[in-house]
Amino acid sequence: MTDVMNGIKAGEAAVDVTDAVDDGLVAELVARAQADGVKLTGEGGLLAELTRRVLESALEGELTGHLGHEPGERAEGGRENYRNGHRSKTVTTEAGPVQIAVPRDRAGTFEPQLVKKRQRRLGGVDEMVLSLSAKGLTHGEISAHLAEVYGTEMSKSTISTITDSVMAGMTEWQNRPLDSGRFPLVVANQQ
C-alpha cells in the first residue's frame with residue numbers, strides 16, 4: 001500500500017493512519033477471522049481481503065471523481081458518460097495476489113491512477129524485488145521467496161525486467177552531464 005502514500009502530492013497533508021483506524025474494529029476483525037479459521041496473511045487471508053476492499057473502494061472513488069456524479073445519479077445535462085460494470089484484474093501486492101474489480105465507464109475515458117491500466121504489481125512489490133536483488137539473491141531465489149512467503153508466482157523474466165529498469169535509470173544518472181560548478185572533495189585521513 002506504499003503506492004497510496006506515495007501518491008500524495010506536495011502540499012497535501014498526510015492523514016495519520018493511526019487516527020483513521022479504529023483499534024476495536026481491527027481487534028474484532030482479527031478475532032472473527034481466527035474464529036472462522038481464516039489466516040491473517042497470504043492468499044485468501046484477512047489482509048488480502050482488506051487490501052482488495054480498500055483498492056476497490058478507492059477505484060470507485062476515482063471513477064466518481066472522473067464522472068462527476070455518484071453511482072445511480074444522472075450526470076448533469078444528461079447522461080454523457082456513466083458507469084459500465086467492472087473488469088477483473090489480479091494484482092500482486094505486499095499482502096500477496098489480490099483479485100480486484102476495476103470499474104469502467106461507457107466512454108472508455110477513465111484512466112485509474114491507483115492501479116493503472118496494464119499494471120499487475122503495486123510498487124511495494126517492486127521495491128521488495130529490488131531489495132532482495134541488492135542483497136545478492138538470484139532471480140530464481142527471489143521468485144522462490146515470493147512464492148513461499150507471499151504465495152505469488154513471479155517469473156524470472158519479470159524480476160529481470162524490474163531490476164533492469166533500475167539499472168537503466170542508474171546508468172542514465174551516472175552518465176548525466178555535471179554542473180560546471182565546483183565540487184568539494186573530501187579526503188580520508190589514512191594512518
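Me: How many residues does α6 have, and how far does α6 reach from its first C-alpha to its last?

Reply: Start with the terms. Helices (H or I, at least four residues) and strands (E, at least two) are DSSP runs, numbered from the N terminus. The expected span of a helix is 1.5 Å times one less than its number of residues. Helix α6 has twelve residues and reaches 16 Å from its first C-alpha to its last, close to the 16 Å expected at 1.5 Å a residue. Bear in mind that this is a predicted model, in which local features need pLDDT of at least 70 and side-chain atom pairs count only at pLDDT 80 or more, while totals for chains, interfaces and linings use all residues. Residues are numbered from 1 along each chain as its sequence is written, and side-chain values use heavy atoms, with hydrogens and water left out.

Me: Which residues of α6 are buried?

Reply: Buried means under 20% relative accessible area, exposed means over 50%, and partly exposed lies in between (1.4 Å probe, protein chains only). The buried residues in α6 are Ile142, Ser143 and Leu146. Seen down the axis of α6, they fall within an arc of 100°, so they line one face of the helix. That arc is taken over the directions from the helix axis to the C-beta atoms.

Me: What covers the buried residues of α6?

Reply: Look for contacts, where contact means heavy atoms within 4.5 Å. The cover over the buried residues of α6 includes α5 and α7. After α6 comes Gly151, which has a positive phi, near 65°.

Me: How does the span of helix α7 compare with 1.5 Å a residue?

Reply: Helix α7 covers residues 156–174, and its 19 residues should span 27 Å at 1.5 Å a residue; the end C-alpha atoms are 27 Å apart, which agrees.

Me: Which residues of α7 are buried, and which exposed residues does the face turned away from them carry?

Reply: Ile159, Ile162 and Thr163 are the buried residues of α7. Viewed down the axis of α7, they fall within an arc of 85°, so they line one face of the helix. The face turned away from this buried side carries the exposed residues Ser157, Thr161 and Glu172. The buried residues of α7 pack against α5 (123–134) and α6 (139–150).

Me: Where is Leu130, and what is it in contact with beyond its neighbours within four places in sequence?

Reply: Leu130 sits in helix α5. Leu130 counts as partly exposed because its relative accessibility is 27%. Leaving aside neighbours within four places in sequence, Leu130 touches Ile162, Thr163 and Val166. Leu130 and Ile159 are 29 residues apart in sequence, and their C-alpha atoms are 8.6 Å apart in space.

Me: Is Gly124 buried or exposed?

Reply: Gly124, which also lies in helix α5, is buried, with a relative accessible area of 6%. Its C-alpha is separated by 9.3 Å from that of Thr92, 32 residues away along the chain.

Me: How is a pocket found, and what is the volume of the second largest pocket?

Reply: Rolling a probe the size of a water molecule over the atoms shows where empty space is left. On a 1 Å grid over the protein atoms alone, a cavity is a set of points where a 1.4 Å probe fits but cannot get out, and a pocket is an open set with protein on both sides within 12 Å along at least five of seven lines; lining residues have an atom within 4 Å of a point. Grid points are joined across faces, edges and corners, and a volume is the space filled by probe spheres set on the points. The second largest pocket has a volume of about 240 Å³.

Me: Which residues line the second largest pocket?

Reply: Among them are Leu29, Arg32, Asp36, Gly45, Glu49 and Arg53. Helices α3 (23–35) and α4 (46–67) each supply at least two lining residues, and α4 gives the largest share, four residues. The lining divides into five nonpolar, one polar and four charged residues. Here Ala, Val, Leu, Ile, Met, Phe, Trp, Tyr, Cys and Pro count as nonpolar, Asp, Glu, Lys and Arg as charged, and the others, Gly among them, as polar.

Me: How many helices and strands does the protein chain have?

Reply: The protein chain has seven helices and two strands, in the pattern α-α-α-α-β-β-α-α-α along the sequence. Of its 191 residues, 25% count as buried.
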